[in-house]
Amino acid sequence: MKAPLLSALVVGLAGITFAVPVRAQCLEHFVNSCLRDCKRNNCWPEPFIRIDRAAVRAPFDIMVHRGWQEQNLVSGHYFKEDGTELNEAGQLKIRWIVTDAPRQHRTIYVQTGATPEQTTDRMAAVEKLVGRFVTTSEPMPEIVPIAMNAATWSAEQADAVGRKFQATMPDPRLPEVKDEVQ
């Protein structure tokens with residue numbers, strides 16, 4: 001009878017010896033989890049503010065980039081009838097982009113032509129003109145071919161609308177002043 005009691009005692013002591021670290025690890029994990037959750041709750045919105053702000057700004061950043069693409073687009077209206085040589089309006093637009101546009105937005109977008117050869121000729125004409133405006137101390141602006149349609153009118157159409165508006169505008173008049181008797 002002594003042997004089963006002794007073996008039960010040994011097994012029990014071994015179980016207690018190995019169970020204590022397991023309980024200590026569980027207790028330590030529980031305390032660490034509570035401390036971590038408490039710290040997270042106390043600093044709650046701060047870790048997520050930057051992520052939320054970036055998510056809100058992302059569509060606006062896309063819109064700004066797209067706006068600069070449209071602003072700096074050298075479309076078919078800026079080339080002569082052959083479609084490869086810049087007209088005066090195109091030269092002025094490229095000059096504005098290279099000299100007056102903000103530095104981070106000086107990329108020139110050239111509308112692709114009807115054929116790859118026409119696109120190559122357009123790119124060459126733009127590069128040649130840009131070389132005249134860029135000084136040696138400034139970096140050459142990037143020139144990118146883009147298959148984007150201009151959302152604008154030709155200069156002739158805009159001029160015709162402006163002239164028609166001016167022609168139909170009434171003469172300016174001051175309102176009548178009524179004499180008030182006291």
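Me: OK, helices here are DSSP runs of H or I, at least four residues each, numbered from the N terminus. Where does F30 sit, then?
Reply: This is a predicted model, and in it F30 belongs to helix 1, which covers residues 2-42.

Me: Is F30 buried or exposed?
Reply: Exposed: its relative accessibility is 51%, and the cut-off for exposed is over 50%.

Me: Zooming out, how many helices and strands does the chain have?
Reply: The protein chain has five helices and three strands. Along the sequence they follow the pattern α-α-β-α-β-α-β-α.

Me: And what share of the chain is buried?
Reply: Of its 182 residues, 20% count as buried.

Me: What about helix 5, how many buried residues does it have?
Reply: Zero among its 14 residues, so helix 5 is hardly covered.

Me: What do its end-to-end numbers look like?
Reply: Helix 5 runs over residues 155-168, and at 1.5 Å a residue it should span 20 Å. Its end C-alpha atoms are 20 Å apart, which agrees.

Me: Switching to electrostatics. How many salt bridges are there?
Reply: The count comes to five. One of them joins R66 and E70, at 3.7 Å from N to O.

Me: Where do R66 and E70 lie relative to each other?
Reply: They are four residues apart in helix 2 (residues 45-71), so about one helical turn separates them. In general, an α-helix has 3.6 residues a turn, so residues three or four places apart point the same way.

Me: Which residue does R36 bridge to?
Reply: D37, with the closest N and O atoms 3.8 Å apart. R36 counts as partly exposed at 39% relative accessibility, and D37 is partly exposed at 33%.

Me: What does R106 pair with?
Reply: R106 forms a salt bridge with E138, and their closest N and O atoms are 3.9 Å apart. R106 is in the loop between helix 3 (88-99) and strand 2 (108-111), while E138 is in the loop between helix 4 (116-133) and strand 3 (143-146), so the pair ties together parts that are 32 residues apart in sequence.

Me: Is R106 buried or exposed?
Reply: Buried, with a relative accessible area of 13%, where buried means under 20%. E138 is partly exposed, at 27%.

Me: Aromatics next. How many aromatic pairs are there?
Reply: Zero in this structure.

Me: Which arginine sits over the ring of F79?
Reply: R122 does, with its charged end 4.6 Å from the ring centre. There's also R132, whose charged end sits over the ring of F133, 5.8 Å from the centre.

Me: Last one: where is N87?
Reply: In the loop between strand 1 (73-74) and helix 3. N87 counts as buried, at 19% relative accessibility against a limit of under 20%.

Me: And how far is N87 from H77?
Reply: Their C-alpha atoms are separated by 8.5 Å, and the two residues are 10 residues apart along the chain.

Technical notes: Residues are numbered from 1 along each chain as its sequence is written. This is a predicted model: local features need pLDDT of at least 70, side-chain atom pairs count only at pLDDT 80 or more; totals for chains, interfaces and linings use all residues. Side-chain values use heavy atoms; hydrogens and water are left out. Helices (H or I, at least four residues) and strands (E, at least two) are DSSP runs, numbered from the N terminus. The expected span of a helix is 1.5 Å times one less than its number of residues. Buried means under 20% relative accessible area, exposed over 50%, partly exposed in between (1.4 Å probe, protein chains only). Rings of Phe, Tyr and Trp (its six-membered ring) pair if their centres lie within 6.5 Å; planes under 30 degrees apart count as stacked, over 60 as edge-to-face and the rest as tilted. A charge sits over a ring if NZ of Lys or CZ of Arg is within 6 Å of the ring centre and within 35 degrees of the ring normal. A salt bridge is a side-chain nitrogen of Lys or Arg within 4 Å of a carboxyl oxygen of Asp or Glu.
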